[in-house]
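These are my notebook entries on a two-chain model. I set down what I looked up, entry by entry.

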Amino acid sequence: MTSIRSPGQIALALAIALFLGVFLIVPVATVVYVAFTEKGGGGLTLVNFLDFGRTDLFVRSFWNSVYVSAMTVVWASVLALPLAYLTTRFEFRGAMLVQTLGFLPLIMPPFVGAVAMQLLFGRNGSVNLLLDEWFDFKIGFMEGLNGVIFLQAIHYFPFILVNLSAALRNIDRSMEEAAQNLGSHGLRLFRRIALPLALPGYIAGASLVFVKVFDDVATPLLLNVKEMLAPQAYLRITSIGIDDPMGYVISVVLILVAVATMWATALVMKGKDYATTQRGGGGLARRQLKPREQVLAYAVVILILALVLAPHVGLVLLSFATVWSFSPLPDGYTLAHYTRVLGDSSVYIKNTLLYAGLAAAIDVVIGGAIAYLVLRTRLPGRQWLDWAASTALAVPGVVLGIGYLRAFYGVSLPDGTPLATLWIVIVLAIAIRRLPYALRAAYAALQQISVSLEEAAENLGATKARTVRRVVIPLMTGGLLAGFVTSFATAAVELSAVLILVQSNSDAPLAYGLYVLMQTPAGRGAGAALGVIAVLIVAICMWLSQLAVDRSQRARGMDI
Amino acid sequence: MFRRSALVLGSALGLVLASGAAFAQTGKVTVVTSFSKDVTDPIKKAFEKAVPGATLEVQNRNTNAGVKFIEETKGNNQVDLFWASAPDAFEVLKGKKLLSAYKPKATGIAEKVGSYPVNDKDGFYSGFAASGYGIMWNERYVKANKLPTPKEWQDLAQAPYFDHVSISAPSRSGTTHLTIETILQGEGWDKGWRTTKDIAGNLRTVTDRSFGVPEAVNSGQVGYGIVIDFFAFSSQGAGFPVKFVYPSVTTLVPANVAVVANAPNKAGAEAFIEFLLSPTGQEVLLEPTIRRLPVRPETYAKAPADYPNPFKDKNLQGLLTFNAELSEGRTAAVDTLFDQLITFQLEPLKAVTKVLHEVDAALKKKDNAQARALAKEARDLIAAMPITEAQAASPEIKAAFTGGKEKSSRQAELEQQWAAFAKEKYAAAKAKADEALKLAR
């Protein structure tokens, strides 16, 4: 490693630390310090953590969460591996479409997505009504912990898909060619060469899935599963009158689990070198499939896509449905819901694109910078930046929202309006919440680049800044874009923190408009229509960025 | 000359001030509300028409988030009004001195609706509409599963309803809290909890959002829901195949509006309250998407034929006199008891209830005194409560929830005790019920 502590690096690290301090640590600290105090005043204490350990409900919830998160990682891998491998490793028609579609499950609009899934997979959803009619039995897709695993795997497998695909694309084909020259092929080639080299991407995705599922509130609650840790925290913090420290104690436990997970993954990856001296992102060689293999491959891909896109099919049906109740399909179809939301939605769409775009841009810049500082410099305490940013994953949206109100509402602008009423505050909250996604993607991308390329550039006289600009960033493009897309898409449907921070309808994003509609019986169809619009917007943005990645890779990979 | 110009200047200044005041009275009125767009849009439109120059800025948050928001932003308050259903949310705000008292000038408003006083006795919030609790059900679901039509709360405890009923947790929904409290006050502490647990044994889900219940009934995921009336009425209005009934033990509860302390546009806030209570404002409540019960008796003359009228309808007369003080004194205890004994112990409670239904069916075919006695013992075990009515309102227990000095144990400790109590009793009841079933068969 050539790195020395240059003043530029120190300044960068301090700037990021300041950003995280002001917009993450201070607001969160103003809320969670309650966990360390006894109710009704009194000094600092750890008695609440003892209570946590003594309460059966919390201990049971903790193990339920561990079980669900671990099993979700397994099932999400089962869904993601074939899609990632087939679309990056083979000449596969529609690979880009598959990548885009495979990403959609991550964008499930709040509330209305839940209703759509109940209507399809619920106890009296389409599937079960038909099963009951034809075969006289029902399947509890959405029952209990296994129901949570089922939905979470569908919802979050794109994390693995995106990061793994980016990693697979980044492996230099010469590695494979070398192995082939030595006589390896087929599954062995995949197992021994492609998979190990893509491990940083897989781990990045899998650790995100684990932590995200551990901290997710929406899916368990939509299935009415309350005996998991994150829902317990949420229920306690948001119930009026029950102003007790335990909700915040659970938040602290969630944060600790998130940090521990990131620390453990860092430990797993330690001492292994995944970097290859690539020529600039040529990616794996794409092979032709034999006709029979082709049929099998398409069958697998279509089957997986049908499963993971079912909720969106339900959403589209719901948005055109007149009444849909206790029947496999809606009673009738109408365009009325779309005409109803079309007038309102333009301001929501504009805000959503603005907020999610800005937030994702902030995330990529900061995430990329943190990854660089951690992997390429020897600044003391640089790991803390990574861990601090990763805690954002575990901070419940309500906690962050309340923290922002506490930290910034008292700060007035010159004209007397509170700082917290500005829309930029919403952007910052979303950016903080989605930062870990971009960070993990950037981290994985950088791990795959050999330091020797940078050393070569520096030996040839390039400055550090120039090396970063001309060598590191271009090589990381794929990973950074994957991070941008993940942050952007999930930011577009973020609700929990937004709900607390939105001050007026003209500043509200789509998710808020959707929430407002979904609180009334008559708003269900309109909410679904708004949900479809949200998904379409994100899908178009993603497809464009996929196109960009593909173009740039082709251009660079093929020219050399 | 000098004098004259001073006079002109003075009157000009006065004019500016006056117009400033007029502007303040009509300008932007910011309201935090839990009411949906379907409700707020027509009212906003009517208000802005009735008070020219006024604009209503609606911030939609659920009740809990709204309370939190006002609490967190009190140092630099930008909100004029809080507008929601649950009276207990207003009690919380009032207790934290976040409301400012206002006595509406409007006349012709009923003192009581059902048996509940319309306005806060201290004048901090005013009722503008009433709603009652009841049972809604999905007709297709009921027909497909060949289920009966309920009339009373107790019906929901019967065997055919097992696994078909949904309710929202009282700790999450102010209105469900009032329903449970109504049952407790109507039947007494012990009997009331017995009824509640009997119904709870048949629950399919306990949701964490009030709207989660009508949502599940509308889409046919559960058959019956314990809901506030307008959820059912507006679902019918949206075309869903649902029906609704008021049981005889119900209570009508006012939905309220209050001026927030240090409101930036106090005059505008008061103008909005006056509008809500005016004949025009009350008539807006009759719209199909809103369907609340007006608090102005004369407005019912303009209502559709089948519209419930709490001032005339026989089934809505002579309702229980709701004791708000009693309710307020034990709110946290009742909510936490429900969560610890029912919400988080639902599986064991349902397991024993299922067996008891089977015992009843078997006993109907062939009576067996011993089995009958065992089943009764099991039911008594289920009904057992970890604390008495007096304890629930005692300073020690209250302080455990508020962090006061008198507390004998922390909230977390109490919760664990109650949960352990329920777990043990339900397990013992299950053993008795299993034995009874063996004998009865």
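I call a residue buried if 20 or more other C-beta atoms lie within 10 Å of its own, exposed if 12 or fewer, and partly exposed in between, with C-beta atoms placed from the backbone. Strands (E, at least two residues) and helices (H or I, at least four) are DSSP runs, numbered from the N terminus. E10 spans residues 224-228 of chain B, and five of its five residues are buried. In a regular strand the side chains alternate between the two faces of the sheet.

I note that this is a predicted model, in which local features need pLDDT of at least 70 and side-chain atom pairs count only at pLDDT 80 or more, while totals for chains, interfaces and linings use all residues. Residues are numbered from 1 along each chain as its sequence is written, and chains are lettered from A and ligands numbered from 1 in the order in which they are written.

Next I looked up the partners of E10(B), taking two strands as paired if DSSP finds at least two bridges between them. Strand E7 (residues 126-138) of chain B runs antiparallel to E10(B), joined by five bridges; here B:Trp137 is opposite B:Tyr224. Strand E8 (residues 165-168) of chain B pairs with E10(B) in the parallel sense over two bridges, and B:Ser166 has B:Gly225 as its bridge partner.

I then turned to strand E3 (residues 81-84) of chain B. B:Leu81 and B:Trp83 lie on one side, B:Phe82 and B:Ala84 on the other, and all are buried. E3(B) pairs in the parallel sense with strand E1 (residues 28-33) of chain B over three bridges, with B:Val31 opposite B:Leu81. Four bridges join E3(B) to the antiparallel strand E12 (residues 252-260) of chain B, in which B:Val259 is the bridge partner of B:Leu81.

B:Leu81 came up again in the largest nonpolar core, which has 320 residues; A:Phe157, A:Leu254 and B:Leu81 have the most contacts inside it. Such a core is a set of buried Ala, Val, Leu, Ile, Met, Phe, Trp, Tyr and Cys residues joined through C-beta atoms within 7 Å. Helix H17 (residues 423-447) of chain A gives the most to this core, 18 residues.

I also checked A:Phe157. Beyond its neighbours within four places in sequence, A:Phe157 is in contact (C-beta atoms, placed from the backbone, within 7 Å) with A:Ala76, A:Leu79, A:Ala80, A:Pro105 and A:Val308.

Why is helix H3(B) largely enclosed by the rest of the structure? I found that eight of the ten residues of this helix, residues 63-72 of chain B, are buried, so H3(B) is largely enclosed. Among the buried residues are B:Asn64 and B:Lys68.

For chain B, the assignment, automatic or from a database, gives domain 1 (2-129 + 254-316) and domain 2 (132-251 + 324-440). Their centres, taken over C-alpha atoms, are 35 Å apart. In the contact between them, 16 residues of domain 1 meet twelve residues of domain 2.

Finally, I looked at the contact between the chains, which takes 58 residues from chain B and 50 residues from chain A.

How values were computed
Two residues are in contact if their C-beta atoms, placed from the backbone, lie within 7 Å.
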